[in-house]
Amino acid sequence: MLKLPKVFRLAKAASVHSNHRRYKIGCVIISNGKPVSVGFNSYKNHTITRKFHDSQTIHAELAALLPLKFKKIKHGIAVVFRQDKEGNPRLARPCPTCQKILASYGIKDYIYTTNGGFSKEHNEI
């Protein structure tokens, strides 16, 4: 099994709390090198989600942002984790809607699991 960087530990721990049947995804928001919030995907819905699309779930990224109450994040990074039933990393790249929401909080850098590894991305939305 691939060993992921330490930064994924909290996101992985959050993912186990998801009530989604297929995808267990966790997200950690990091500001100035320290975790400031954690979230996971769920079947709940939220008014901010409906503002962007008709999803019947709260994505892990949004769940991690809600406790921050629209506070801008300085030097923010979203760390997103997903694994399959065997424990292998799977693609957890933030969707376009989550990218817009993250950007509204000032977060343009993402680190996320891929099929068998991880990737880093900077987005100028």
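Ile29 sits on strand S1 (residues 25-31). In strand S3, its bridge partner is Ala78. Strands here are DSSP runs of E, at least two residues long, and helices are runs of H or I, at least four residues long, both numbered from the N terminus. The model is predicted: local features need pLDDT of at least 70, side-chain atom pairs count only at pLDDT 80 or more, and totals for chains, interfaces and linings use all residues. Residues are numbered from 1 along each chain as its sequence is written, and side-chain values use heavy atoms, with hydrogens and water left out.

Stay with S1. Another of its residues, Cys27, has Val80 as its bridge partner in S3. S1 and S3 pair in the antiparallel sense over seven bridges. Two strands count as paired if DSSP finds at least two bridges between them. S1 also pairs with S2, again antiparallel, over six bridges. On that side, Cys27 stands opposite Gly39. The hairpin of S1 and S2 has two residues between the strands, and Asn32 takes a positive phi near 50° there.

How many of the residues of S1 are buried? Seven of its seven are. Buried means under 20% relative accessible area, exposed means over 50%, and partly exposed lies in between (1.4 Å probe, protein chains only). In a regular strand the side chains alternate between the two faces of the sheet. In S1, Ile25, Cys27, Ile29 and Ser31 point one way. Gly26, Val28 and Ile30 point the other way.

Now step back to the sheet. It is open, has five strands in the order S2-S1-S3-S4-S5, and its pairing is mixed. S2 (34-40) and S5 stand at the edges. Each has a single partner strand, so one side of each is left without a neighbour in the sheet. From one strand to the next, the twist averages 20°. These angles run from 0 to 180 degrees between N-to-C directions, and the axes are lines fitted to C-alpha atoms, for helices over the stretch in contact.

The whole chain has four helices and five strands. Along the sequence they follow the pattern α-β-β-α-α-β-α-β-β. Of its 125 residues, 46% count as buried. Contact means heavy atoms within 4.5 Å. Take the contacts between residues at least 6 apart in sequence: 56% of them join residues at least 24 apart.

Val79 gives a local view. This residue lies in S3 and is buried, with a relative accessible area of 0%. Beyond residues up to four places away in sequence, Val79 touches several others, including Val7, Ala11, Gly26, Val28 and Ile111. Phe8 is also among them. Val79 and Phe8 are 71 residues apart in sequence, but 6.7 Å apart in space, C-alpha to C-alpha.

A pair of aromatic rings is described by the distance of the centres and the angle of the planes. Rings of Phe, Tyr and Trp (its six-membered ring) pair if their centres lie within 6.5 Å; planes under 30 degrees apart are stacked, over 60 edge-to-face, and the rest tilted. The structure holds two such pairs. Phe8 and Phe81 have ring centres 6.4 Å apart and planes at 55°, so this pair is tilted. Phe8 lies in the segment before helix H1 (9-15) and Phe81 in S3, so the pair ties together parts 73 residues apart in sequence. Phe8 is buried at 2% relative accessible area, and Phe81 is buried at 2% relative accessibility. Phe8 and Phe118 form an edge-to-face pair, 5.9 Å centre to centre, with 65° between the planes. Phe118 lies in strand S5, so this pair ties together parts 110 residues apart in sequence. Phe118 is partly exposed, at 38% relative accessibility. Ring pairs link Phe8, Phe81 and Phe118 into a cluster.

Charged side chains come last. Side chains of opposite charge can pair when their charged atoms come close. A salt bridge is a side-chain nitrogen of Lys or Arg within 4 Å of a carboxyl oxygen of Asp or Glu. A search of the whole structure finds two. In one, Asp84 joins Arg90, with the closest N and O atoms 2.9 Å apart. Asp84 is buried at 17% relative accessible area, while Arg90 is partly exposed at 26%. Glu121 and Arg93 also form a salt bridge, at 2.7 Å, N to O. Glu121 lies in S5 (residues 117-122) and Arg93 in the loop between S3 (76-82) and helix H4 (96-104), so the pair ties together parts 28 residues apart in sequence. Arg93 is partly exposed, with a relative accessible area of 40%.
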